[in-house]
Amino acid sequence: MSTTSTSIQTLENPSVPGAVNQELSTININWQNHQAERLNQLPIYIFGYLAELKNQAKQKGVDVIDLGMGNPDGSPPQPVIDAAIAAMTTSQNHGYPPFEGIEEFRKAITDWYKRRYNVLLDYNSEALPVLGSKEGLSHLALAYINPGDIVLVPSPAYPAHFRGPILAGAEIYPLVLKPENHWLIDLNTIPEAVAQRAKIIYFNYPNNPTTATAPREFFAEIVAWARHYEIMLVHDLAYAELSFDDYRPTSLLEIPGAKEIGVEFHTLSKTYSMAGWRAGFVVGNAQIIKGLSSLKSNMDYGMFAVVQAGAAAALSLPDSYIHQNQERYRKRRDFLVAGLKELGWNITPPKASMYLWVPCPVGMNSTDFFMNVLEKTGVVVTPGSAFGEAGDGYVRISLIEDCDRLQEVLNRLKKAGISYQPKCLVA
Ligand SMILES: *Cc1c(COP(=O)(O)O)cnc(C)c1O
């Protein structure tokens, strides 16, 4: 093997003295053993393993239906694409963008906040573009966490909420979400000593993966609690615009006093089907944002100006676009909830998000059920345990295929004899 690379080197560099006929002896370094401790601290990234299983099934010729990832199936709205194309033709947009983001995007963010929540923000200090909220959420921990600091993270949770802090050396204190508490964080279960030491709490409603929503009173309660203990509130409002019926998600910043204690992250990935663009933003406390911005100025050069122009256009779209998009997901939600009901599942239609959170049949854990469904039907879901131990017993189904494809999912489940029996019937 090493002779191949030697001969290429010899051919390409015939004039290099000593290169001709030089034989490289093979060395065998296991670079994995050289990895930084912080990488070893991470729990395995189950999504990588799931992707492997999915590809194996595809290679066997299975017509895989992938409802595993939260990757929207649509295209961005045409005005977004048009704005990006126009920006692409301006030569200055191809240089390094300003660290803090272009004014047009930051203004679009604060205008959107005014329109949507009636919250006033300063576009110079209280709004910052991030390269997808995953990046911002993770780097925020690196900007504020010292090794050994406690970070409070729900279980189950969106992986960046704990993986980012772990990379920063945090000690994670899991806040177990329970169905009997409607998957809301129960602040009363946090021991006083933990609350005293904790530095940051991450949370996310409408929630991924449980699809739970939190009432406004919950936001008021967590703001009061965080102010008392001086714990930074980091709210992830990824599903701000993916809500159904008459439900409107609450923004953390609508709560009086929240801006002194926290920030809120948003993404354009889900609402505008722009996941590949890597466009998100954070708003809220100016000092907290400044710390993140200062860390980021050492890591990246900000967001491509063309992407920012598209993102600004997205936030400025009329509400009719948002309504159309909500309808698209609502139809799928209702279709799948009704279909699963025929198979024994009684799922309350979620008020927001692009998922269903579905209990596993009795006697099966998340991975068993995931494997069972994949092997018998070729349908990929996400085992709840991928979001933390407390997600076990559930799978998350993404509403990222149209109803005809979802019908196919239901047909296959039925044919495979997969159904749900509530516990009481079994006992
Ligand atoms: C999808 C998702 C994100 C990811 O957003 P990006 O901007 O694409 O990085 C963040 N948080 C939650 C809760 C999500 O579901």
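This is a predicted model: local features need pLDDT of at least 70, side-chain atom pairs count only at pLDDT 80 or more; totals for chains, interfaces and linings use all residues.
Q: How many residues of H7 are buried, and what covers them?

A: Buried means under 20% relative accessible area, exposed over 50% and partly exposed in between, with a 1.4 Å probe and protein chains only. Helix H7 (residues 160-167) is mostly covered, with seven of its eight residues buried, and these are Ala-160, His-161, Phe-162, Arg-163, Gly-164, Pro-165 and Ile-166. Their cover, judged by contact (heavy atoms within 4.5 Å), includes helix H6 (133-144) and strands E3 (150-155), E4 (171-176), E5 (198-203) and E6 (232-236).

Q: Which residues of the largest nonpolar core touch the most other members?

A: In soluble globular proteins, nonpolar side chains tend to be buried together. A nonpolar core is a set of buried Ala, Val, Leu, Ile, Met, Phe, Trp, Tyr and Cys residues joined through side-chain atoms within 4.5 Å. Here the largest one has 74 residues, of which Leu-152, Ile-185, Tyr-205, Trp-225 and Leu-340 touch the most other members. Helix H9 (residues 216-229) gives this core its largest share, seven residues. Another core, of 29 residues, lies apart from it and includes Phe-105, Leu-268, Phe-281 and Val-307.

Q: At what angle do the axes of H5 and H11 cross?

A: Two packed helices are described by the angle between their axes and the distance between the axes. Axes are lines fitted to C-alpha atoms, for helices over the stretch in contact, and angles run from 0 to 180 degrees between N-to-C directions. The axes of H5 (residues 103-117) and H11 (residues 305-315) come within 8 Å and cross at roughly 20 degrees. That makes H5 roughly parallel to H11, since angles under 35 degrees count as roughly parallel, over 145 as roughly antiparallel, 65 to 115 as roughly perpendicular and the rest as oblique. In their contact, Glu-104, Phe-105, Ala-108, Ile-109, Trp-112 and Arg-115 of H5 meet Gln-308, Ala-309, Ala-311, Ala-312 and Leu-315 of H11.

Definitions and conventions
Residues are numbered from 1 along each chain as its sequence is written. Side-chain values use heavy atoms; hydrogens and water are left out. Helices (H or I, at least four residues) and strands (E, at least two) are DSSP runs, numbered from the N terminus.
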